[in-house]
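Please work through the exercises below with the sequence and the structure at hand, and try each task yourself before you read its solution.

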Amino acid sequence: MSTQSSSSSSSPSSSSTSSKCRVLSTLKKVFGFDTFRSDLQENATCTVVKGDKDVFVCMPTGAGKSLCYQLPGVLAAGITIVISPLIALIQDQVDHLTSLKIKACSLNSKLPIADRRKILQDLESENPKIKLLYITPEMAAASSFQPTLDMLLSRGLLSYLIIDEAHCVSEWGHDFRPDYQRLGTLRSRLLQIPCVALTATATKQVQDNIMASLKLRQPVAMFKTPCFRVNLFYDIQIKELLGDPYGNLKDFCLKALGEKKPSGGFPGCGIIYCRTRDACEEVAIQMSKRGVASKAYHAGLKAADRVSIQNEWMEEAVPVIVATISFGMGVDKANVRFVAHWNIAKSMAAYYQESGRAGRDGKQSFCRLYYSRTDRDQVSFLIKKEITQSQAKRGGVKASDKASMAGFEAMVNFCEELG
């Protein structure tokens, strides 16, 4: 009896040790890291690998959220479906995984028919090679994708359902996307598949809303880190008090970028966020005139031009990119020395996520917001207009409408008090 009992009690520990060895081995051999960035990242990853719970991960930008599902996806026998909001973001992730020799791909509306057919042929094969399949929420809901999903489900080939940028699910979040709300229906079809929801920022209210909307199985394994990052330095500049706002921005950029290298380039790079396309173009022109090489990036550019500009910035041929706020979501660049907001953000949560793209390498970096009453009034008008339009469509007021306005008012108070 004692021998049998001893053998039985040691089995879980032995299994756990074996699983941990597989995780660490994959971390080194596939991803090239000797250790995890933090205990929380390690614990989250190991919990996802176990596959017996749904998992919610809330980590700051740059803390390594993606690894928490990518490594388990590599280890799993089947296919991991990853739902992400932007095709550009998806492409960054797929390119990164491909560079690591991980078979990842994306099904989206812009994919050529021949490429789509090739992916579907692999998924329908006896032993699919694809490990991570990225799709948008629109694709997840599309009737054309349902036969593929049913086929994978019936053959037992699905390992995980991943919801990246999960704050998009919640109407209380700073970047709500209606298409994300339909993911609860998808989740209902895949209840036996572990679900992992990840975000960089979410209040308690948003977290609860995400878990309810996605029907995460209770109890959910929660992994959260504090928002505060010691290497980021914040300040507010009041535009009306500046004699030359563009000159002030130029000085800020040059100071944050640091001394030029002997080769002529800067040791880091920066992002300037603007609210409109026209503002992106104007700020890029003004910075370049003042000796800070900059290029504008926004949805008004041709797709090929956006790719070219982003590549120039990633390779540091151009040190500063001037962009609308969607740029940077998921871009894995560690040495962003500054993030400047030329216009006020819509909420503190949005500002935290956008500014948090600075200093991913842990080195000193700077975050500055340029505040003006004109910007404040324009954004306030736009938010109220959006609320009025959405109320007219649904025929009533929702609590999230008040939350949108309250979030912006908190941002205004932060600027006016700190500025």
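Helices here are DSSP runs of H or I with at least four residues and strands are DSSP runs of E with at least two, both numbered from the N terminus. The model you are looking at is predicted.

**Exercise 1.** Find out where Glu316 lies, what its phi is, and how its accessibility is classed.

Solution. Begin with the position: Glu316 belongs to the loop between α13, which covers 303-314, and β11, which covers 320-323. Next consider the backbone, where phi of Glu316 is positive, at about 65 degrees, although the residue is not a glycine. To judge this value, recall that most residues other than glycine have a negative phi. Finally, because its relative accessible area is 26%, Glu316 counts as partly exposed.

**Exercise 2.** Describe Lys215 and Pro219, naming the loop in which each is found.

Solution. Start with Lys215, which is found in the loop between α10 and β7. Its phi is near 55 degrees, a positive value in a residue other than glycine, and Lys215 counts as partly exposed because its relative accessibility is 41%. Then turn to Pro219, which lies in the loop between α10 (204-213) and β7 (221-224). The peptide bond that joins Gln218 and Pro219 is cis, with omega about -5 degrees. As a point of reference, most peptide bonds are trans.

**Exercise 3.** Decide how many residues of helix α3 are buried.

Solution. Helix α3 spans residues 67-75, and eight of its nine residues are buried, so that the helix is mostly covered. Among the buried residues of α3 are Leu67, Tyr69, Pro72 and Leu75.

Key:
Residues are numbered from 1 along each chain as its sequence is written. This is a predicted model: local features need pLDDT of at least 70, side-chain atom pairs count only at pLDDT 80 or more; totals for chains, interfaces and linings use all residues. Side-chain values use heavy atoms; hydrogens and water are left out. Buried means under 20% relative accessible area, exposed over 50%, partly exposed in between (1.4 Å probe, protein chains only).
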